[in-house]
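Please view the sequence and the structure first, and then read the points below.

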Amino acid sequence: MSEAEVAAFLAEERTMTCASAGPRSWPHLMPLWYVLREAPAGEPGPRLWAWTYGVSQKVKNLQRDARATLQVEAGEQYQELRGVMLECNAVIHGDLETVKAFGHEIFARYASPRGEAPAENLPPQVGEMVDKQALKRVALEFVELRRVSWDHRKLGGAY
């Protein structure tokens with residue numbers, strides 16, 4: 001996929017699978033909701049951000065070894081398969097204000113149906129719930145090092 005196709009695909013999809021190295025060195029795979037953010041100028045991107053409980057196994061794994069492989073995929077039949085795999089370094093953000101703000105951002109994205117812009121404002125009760133959850137959560141920023149993408153729809157039936 002081209003840069004534009006990757007960006008559009010990642011903006012369209014909603015769940016990524018995050019692989020980290022577990023305590024016995026086995027891959028630890030977990031699904032995560034994510035938000036797509038632009039990378040700082042001059043750095044590869046876009047960046048995928050997620051949030052999770054600070055005591056989760058994936059956070060323990062990423063504290064020990066920041067390497068993660070992310071995969072976002074779509075399609076059911078072979079000729080429809082497409083996806084992006086990113087080898088990344090994870091940055092764990094524990095600052096409460098950063099985590100709260102990100103929590104609001106991710107809930108705004110998922111409050112809207114697929115293909116629609118994120119909600120402008122969360123209902124007050126949802127915002128309060130996010131703020132309470134933020135006390136136990138961290139934000140994960142995945143910094144891309146290498147990318148592989150595929151789109152079987154481009155194969156035109158020749159496999």
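Of the contacts in the protein chain with a separation of 6 or more, what percentage is accounted for by residues 24 or more positions apart? The share is 70%. The model discussed here is a predicted one.

**Overall architecture**

- The protein chain contains four helices and seven strands.
- In sequence order, these elements form the pattern α-β-β-β-β-α-β-β-α-α-β.
- For the 159 residues of the protein chain, the globule rule gives a radius of gyration of 15 Å; the value for the model is 16 Å, which is close, so the chain is as compact as a globular protein of that length.
- The C-alpha trace extends over about 50 × 40 × 35 Å along its principal axes.

**Surface, burial and charge**

- Of the 159 residues in the protein chain, 38% are buried.
- The protein chain has an accessible surface of about 9,100 Å², and carbon and sulfur atoms contribute 53% of that surface.
- Among the side chains, 19 are positive and 21 are negative. The centres of these two sets are 7 Å apart.

**Helix α3**

- Helix α3 covers residues 96-110, which is 15 residues.
- At 1.5 Å a residue, α3 should span 21 Å, and this agrees with the 21 Å between its end C-alpha atoms.
- Buried residues of α3 include Val99, Phe102, Gly103 and Ile106.
- Phe107, Ala108, Arg109 and Tyr110 are also buried in this helix.

**The loop holding Ser25**

- Ser25 is located in the loop that lies between β1 (15-21) and β2 (27-33).
- Most residues other than glycine have a negative phi.
- Ser25, although not a glycine, has a positive phi of about 75°.
- Ser25 counts as exposed because its relative accessibility is 63%, and exposed means over 50%.

**The loop holding Gln77**

- Gln77 is found in the loop between β5 (67-74) and β6 (82-93).
- Gln77 and Trp49 are 28 residues apart along the chain, and their C-alpha atoms are separated by 29 Å.

Conventions: Residues numbered from 1 in each chain as written. Predicted model: local features only at pLDDT ≥ 70, side-chain atom pairs only at ≥ 80, totals over all residues. Heavy atoms only, no water. Helix = DSSP H or I, 4+ residues; strand = E, 2+ residues; numbered from the N terminus. Expected span 1.5 Å × (residues − 1). Buried < 20%, exposed > 50% of the residue type's maximum accessible area, 1.4 Å probe, protein only. Rg over C-alpha atoms; globule rule 2.2 N^0.38 Å. Contact = heavy atoms within 4.5 Å. Areas by Shrake-Rupley, 256 points an atom, 1.4 Å probe, with all protein chains shown as cover. Lys, Arg positive; Asp, Glu negative; His and termini not counted. Charge placed at Lys NZ, Arg CZ, Asp CG, Glu CD.
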